[in-house]
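Please look at the sequence and the structure below before reading on. The report then goes through cavities, domains, chain contacts and some local features.

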Amino acid sequence: MTDMRYLAPQTLDEAVGAYAAAAGAARILAGGTDLLVQMRSGMVKPGLVVDIKKIPEMTTVEQTADGGFKVGAAVSGAVLAEHPTFGKVWPGVLEGFNLIGSTQVQGRASMGGNLCNGSPAADSVPALVAAGAVVTVQGPDGRRELKVEDVPAGPGKTNLKPGEIVVSFTLPPRPKGSGDAYLRMIPRTEMDIAVVGVGVSLTLENGVCTAARVGLGAVAPTVLLVEDAAKALIGSKLDDAALDAAAAACSAACRPIDDKRGTIAYRTKVAGVLLKRTAAIAAERAKGN
Amino acid sequence: MAKIHVTTTINGDPTEFLCDPAESMLDALRGPLGLTGAKEGCGTGDCGACSITVDGRLVCSCLMLAAEAEGHEIATIEGMAQGEKLHPLQQKFLELAALQCGICTPGVLVAAKSLLERNPDPSETEVRYWLAGNLCRCTGYDKIVRAVMETAAEMREAAR
Amino acid sequence: MNDQSNKWIGKRTIRPDGVDKVTGRACYAADNSMPGMIWAKVLRSPHPHAKIRSINTAKAEALPGVKAVATAKDFVEFPIDTAVPLGIQDMRWMARNMLAHERVLFHGHPVAAVAATTAEIAAEACKLIEVDYEVLPWAVEIDDAIAPDATPLFDHIQFEGKPSNIAGKLEHKKGDIDAGFAEADVIIERSFTTRPVHQGYIEPHACTVSVAADGSTTIWSSSQGQFMVRAMTAYLTGIPQSDIRAIPAEIGGGFGGKTIVYLEPVATILSRKSGRPVKMVMSREEVMRATGPTSGAKMTVRIGAKKDGTLVAGHGIFYLQAGCFPGSPIRGAAGCSFTPYAIPNVLSTGYDVVCNRSKVAAYRAPGAPIGAYGVECVLDEVAQAIGMDPLEMRLKNIAHDGTKAVHGPVFQSIGFAQTIEAALKSEHYKTKLTGKFQGRGVANGWWFNAGGESSAQVNITEDGNVVVTTGHPDIGGSRASIANITAELLGIDYDRVSVLIGDTATIGFSNLTGGSRVLFASAMVVTESTEKVIEQLKQRAAKIWGIDASAVVWENGEARPSGEHTGNFPTMTLAELGAKANETGGPIGAGSQQNTTGAECGFATHICDVEVDVDLGTVTILRYTCVQDVGKAIHPAYVEGQMQGGVAQGIGWALNEEYIYDKQGRVDNPSFLDYRMPVCSDLPMLDTIMVEIPNPKHPQGVRGVGEAPLVPGPAAVCNAVSNALGIRFHDLPLSPPRIVAAIDANMKQAAE
């Protein structure tokens with residue numbers, strides 16, 4: 001018999017209230033694909049689990065008035081994939097999200113969980129960073145917004161204040177001629193944690209790149225927004241020289257570790273390789289839009 | 001801490017059970033509910049042997065708290081056959097010898113059924129990627145994939 | 001029995017246990033519950049090597065809900081310096097493997113076990129056990145274990161006169177390798193390493209044990225041998241074998257890893273002490289930390305050949321990691337790798353190295369894939385150096401009937417050449433690869449195959465059907481093959497045959513499920529039993545007809561009068577005779593118990609096509625064909641299944657599977673997340689070509705098929721990657737960082 005309590009509130013205020021009142025002893029349960037693993041290993045022993053899946057704002061996907069999207073933090077990858085338009089506008093964000101784990105895991109895993117678990121290798125985060133996603137957070141002191149790249153603080157840590165829960169992800173409206181993509185390197189074809197993950201979002205006008213953002217994952221304590229890589233792409237026609245420069249910027253931005261999934265040298269090299277491939281896919285998609 | 005009383009539907013049957021707040025759905029199925037078809041191969045969502053569906057959505061029952069079953073419809077391998085009538089997938093797995101030790105088979109069947117409900121005409125690649133979360137160590141997956149695709153073809157034919 | 005007339009042998013019948021397995025009804029060990037059952041958990045060593053100064057279990061025993069605690073003190077004592085053989089194991093090592101005695105020898109080594117009313121309480125109680133450790137130096141890798149300054153794990157294990165971690169040596173010698181190499185035009189010598197890999201069964205070990213107050217013990221467990229379970233439990237607990245009933249549950253994979261026990265004797269002690277049935281189930285993490293994977297290895301292989309492709313000499317030195325107790329499969333590495341070839345001069349030496357890691361357990365042709373990796377990669381280079389097709393060169397040197405094998409016996413009725421020829425003629429081999437960074441690799445693999453003890457009982461029911469009881473857990477579909485054979489022999493419909501696996505109380509002694517022997521051995525005893533039953537049936541018909549039994553013939557499921565009585569009486573079916581059993585003399589049934597002999601070896605040739613992403617180092621298997629001499633394929637689908645399963649394991653071994661240790665000597669990847677076995681999307685369809693050379697020593701021509709499919713795999717994949725990149729690899733697995741590093745080094749070298 002554990003001392004754990006389980007709560008499934010119907011409103012966000014109730015959730016924040018209970019979560020904050022537990023003063024650090026509580027965990028948020030969306031898909032549970034990280035939380036239950038950590039509970040089982042003893043890494044985490046929450047006194048309270050707050051199941052947020054009954055809260056409408058956290059489980060819905062809306063298209064905003066300006067043409068952007070608001071995705072509830074507890075929405076699963078499988079549900080988001082079934083949305084009629086999201087995947088057409090943000091195929092990279094969707095594919096990153098739906099590379100987490102297996103089909104079974106994608107039936108549960110959420111963007112909020114993937115972000116707040118704080119793994120540097122989280123698959124949904126690089127493309128969200130590249131997309132310029134903004135996270136809405138609610139806490140005891142009210143609601144605020146953060147850029148998605150500002151949320152992770154290090155492996156297993158976030159910059160959220162005590163009692164704050166991620167409520168939704170807002171993706172901006174997409175200019176014409178835009179495309180995004182996410183690629184990761186894993187040793188098998190599925191089921192592995194990303195050794196390197198790259199998300200690229202860009203806009204092309206008459207073949208020239210007018211906007212770009214690059215998110216790089218699994219090569220530093222947090223997902224990186226690689227501004228130098230974006231600068232190398234912006235203003236170019238995505239020719240070999242520009243791609244090489246952007247790739248080099250990604251390799252230079254890496255601060256990876258040697259671990260059971262990859263070496264420093266390998267990750268650094270692959271960051272560059274994947275940047276080129278990801279940018280190429282994003283560009284193809286941009287041309288089609 | 002007191003146990004939680006859960007009211008749910010399992011394989012179409014209204015069901016109530018008591019669970020510890022920290023208990024997984026897999027533990028509840030295999031324990032108080034006596035439904036041992038879902039297996040624990042890893043307990044961490046890496047093998048798929050515990051696969052079930054929740055409101056028709058394929059998930060790992062080891063990654064779900066039993067308490068979350070409240071108000072939802074759970075489907076397990078035990079609900080796949082209708083009395084003596086096997087689901088076409090189950091029948092095809094037997095005919096094509098798509099199992100050896102059989103421990104992964106319930107999870108694979110639940111996953112494959114879920115695939116065919118969404119995509120009645122999957123390519124070999126689509127089948128393989130859909131089932132990537134179901135580990136099998138005995139078969140090398142060859143006969144499993146053939147069985148799923150042949151069943152899909154037969155089910156499409158029967159639907160015409 | 002000729003093929004044309006076979007009604008069931010060779011047919012893809014539906015396995016008798018199949019419906020239960022596709023509906024979730026089949027009962028595996030962890031599915032079982034007994035009334036009054038309590039749960040047990042294991043306390044494991046936090047150190048890779050330490051002396052146990054004391055264990056204090058008082059606080060654990062005092063925790064409410066705890067019913068019993070067990071430590072090594074509760075086992076029968078086996079002094080460390082006296083061998084106690086049981087089959088191929090030594091019980092003094094088994095005892096210490098299950099519960100640490102004087103020392104803990106690996107991180108995760110069981111130290112104590114607690115049984116309590118809930119699993120949570122048992123786990124809590126484990127934390128209350130106080131163990132006083134004196135930490136000792138440790139070594140996991142072979143080089144560290146055999147270094148001159150390495151601490152010998154056991155004082156009484158000596159090599160070349162001094163205490164050593166080399167616990168054993170095995171040597172096979174044929175001819176004179178120095179003379180042989182002197183004749184060679186080409187000599188290739190290479191050194192290789194492989195990492196420990198786990199059998200990877202999806203079902204963790206589990207058991208439920210109930211000991212009654214009079215000592216009668218029932219064990220329900222996941223195992224590859226209920227008689228082994230009974231025996232090991234008897235040895236360790238002192239309970240006589242006749243008081244132990246070991247029941248094999250359906251088994252969720254074993255591949256050799258369940259040919260020993262980890263839990264059952266411990267659960268027996270706990271049940272005896274508590275008076276309650278005790279259930280023990282391993283977590284995946286426990287499986288990965290504390291059950292035997294197979295050895296990691298380092299080896300050097302040297303092969304000499306003449307310009308025309310004749311192999312003249314082979315020399316192999318194989319070091320295999322045993323883990324913390326002696327017993328690595330050097331027999332497989334040294335004894336199988338050169339064996340299928342008619343090389344006149346061979347010296348093959350294996351060294352068994354102990355180290356601070358869980359004790360090795362058998363893994364599908366133990367040791368053979370390791371030895372084959374080295375030999376088949378060097379053979380590939382030899383073929384390349386001579387400019388000969390790699391399969392042609394192997395064919396040129398392959399053993400034939402009458403060749404004396406390097407380990408002694410003379411080959412008879414083998415199909416090695418036919419297997420290689422089938423590979424050469426295959427559509428796969430004839431198809432050229434056209435893409436960039438694509439490559440093809442081939443390899444052969446050989447395995448002994450075993451016979452051994454088996455028992456069976458065949459009984460006719462009153463309604464004229466058949467119940468067959470055999471003695472070996474069914475790990476891959478053997479019940480279906482037994483049903484095929486029985487139906488064929490009796491001439492009745494397959495559906496009328498029921499096949500059950502007996503337990504130690506209900507069937508005679510039967511040796512392990514392993515060694516590619518289940519169908520071989522059980523078919524022999526089932527055949528003998530069925531033939532006795534047929535004699536009985538003929539006698540019953542003769543009695544009814546009032547004629548001599550020698551004038552009765554059994555054909556197509558019926559007794560028919562023959563000779564001078566032909567046509568005098570209507571035939572009698574099995575159903576009719578079954579119904580009259582009691583009035584014609586009593587129950588109709590027969591049993592057989594044999595130590596079966598005549599098992600013939602297994603041999604396979606693999607062809608693997610790969611494509612390498614040279615920037616990421618990932619390898620895609622494009623196409624794979626396993627060609628194998630399978631004897632008579634009683635149930636082709638399950639033979640194909642054995643081949644395909646072995647192929648998948650070989651691919652995993654070659655590309656991504658490995659045990660990773662951290663700096664504290666602990667397994668760093670004890671989960672399926674980071675112990676990377678092939679997933680469905682990693683593999684293409686796996687083609688099989690069955691070459692059926694019936695084994696003349698077996699009534700149905702059966703040749704074991706289960707293990708040979710793994711043996712060539714790692715080498716075939718490695719040769720393919722080498723062919724794709726023009727770079728040789730000598731260390732497994734071929735993980736992406738390794739491939740990229742090799743490509744970069746090669747390019748650097750080319751540039752210089």
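## Terms for the cavity linings

In this report Ala, Val, Leu, Ile, Met, Phe, Trp, Tyr, Cys and Pro count as nonpolar, Asp, Glu, Lys and Arg count as charged, and the others, Gly among them, count as polar. The model is predicted.

## Cavities

Over the whole structure, the search finds nine cavities of 30 Å³ or more. The largest cavity holds about 70 Å³ of space. Its lining is made up of Val42(C), Arg44(C), Asn97(C), Met98(C), Pro110(C), Tyr262(C), Leu263(C), Val266(C), Met280(C), Met282(C) and Ala290(C). Two elements of chain C, β1 (38-44) and α3 (91-98), each give two or more residues to this lining. By class, the lining of the largest cavity has nine nonpolar residues, one polar residue and one charged residue.

The second largest cavity has a volume of about 60 Å³. Around it are Phe106(C), His107(C), Met288(C), Arg289(C), Asn356(C), Arg357(C), Ser358(C), Tyr659(C), Tyr661(C), Gly665(C), Arg666(C) and Val667(C). This lining divides into five nonpolar, four polar and three charged residues.

## Domains of chain C

Together, domain 1 and domain 3 of chain C bury about 1,700 Å², with 57% of it on carbon and sulfur atoms. On the domain 1 side, Arg12(C), Ser516(C) and Phe520(C) lose the most area to domain 3, together 34% of what that side buries. The count of salt bridges between domain 1 and domain 3 of chain C is one. Arg12(C) also takes part in a salt bridge with Glu640(C), at 2.8 Å from N to O.

## Domains of chain B

Chain B is divided into domain 1 (4-79) and domain 2 (88-159). The C-alpha centres of these two domains of chain B lie 22 Å apart. In the contact between them, 14 residues of domain 1 of chain B meet 13 residues of domain 2 of chain B.

The area buried between the two domains of chain B is about 1,000 Å², and carbon and sulfur atoms give 61% of it. Cys47(B), Leu58(B) and Ile77(B) supply 44% of the area that domain 1 of chain B buries against domain 2 of chain B, more than any other three residues. How many salt bridges cross the interface of domain 1 and domain 2 of chain B? The rule finds zero.

## Contacts between chains

Chain B and chain C bury about 3,800 Å² between them, 60% of it on carbon and sulfur atoms. Leu94(B), Gln100(B) and Arg137(B) supply 22% of the area that chain B buries against chain C, more than any other three residues. The contact involves 43 residues from chain B and 52 residues from chain C. Four salt bridges are found across this interface. Arg30(B) and Asp31(C) meet in a salt bridge through their side chains, at 2.8 Å from N to O.

Between chain A and chain B the buried area is about 2,500 Å², of which carbon and sulfur atoms give 61%. Here 30 residues from chain A and 31 residues from chain B are in contact. Five salt bridges are found across the interface of chain A and chain B. The side chains of Glu82(A) and Arg118(B) form a salt bridge, at 3.8 Å from N to O.

## Local features

Over all chains, the structure holds 73 salt bridges. In chain C, Lys273(C) pairs with Asp74(C), and their closest N and O atoms are 3.0 Å apart. This pair links distant parts of the chain, 199 residues apart: Lys273(C) is in helix α8 (residues 264-274), and Asp74(C) is in the loop between β3 (66-70) and β4 (85-86).

Most residues other than glycine have a negative phi, and most peptide bonds are trans. Asn11(B) is not a glycine, yet has a positive phi of about 50 degrees. Asn11(B) sits in the loop between β1 (4-10) and β2 (13-19) of chain B. The peptide bond from Leu732(C) to Pro733(C) is cis, with omega near -5 degrees. Pro733(C) is in the loop between α19 (713-725) and α20 (736-751) of chain C.

Methods
Residues are numbered from 1 along each chain as its sequence is written. Chains are lettered from A and ligands numbered from 1 in the order in which they are written. This is a predicted model: local features need pLDDT of at least 70, side-chain atom pairs count only at pLDDT 80 or more; totals for chains, interfaces and linings use all residues. Side-chain values use heavy atoms; hydrogens and water are left out. On a 1 Å grid over the protein atoms alone, a cavity is a set of points where a 1.4 Å probe fits but cannot get out, and a pocket is an open set with protein on both sides within 12 Å along at least five of seven lines; lining residues have an atom within 4 Å of a point. Grid points are joined across faces, edges and corners, and a volume is the space filled by probe spheres set on the points. Helices (H or I, at least four residues) and strands (E, at least two) are DSSP runs, numbered from the N terminus. Contact means heavy atoms within 4.5 Å. Buried area is the accessible area (1.4 Å probe) that two parts lose on being put together, summed over both. Domain bounds come from an automatic or database domain assignment.
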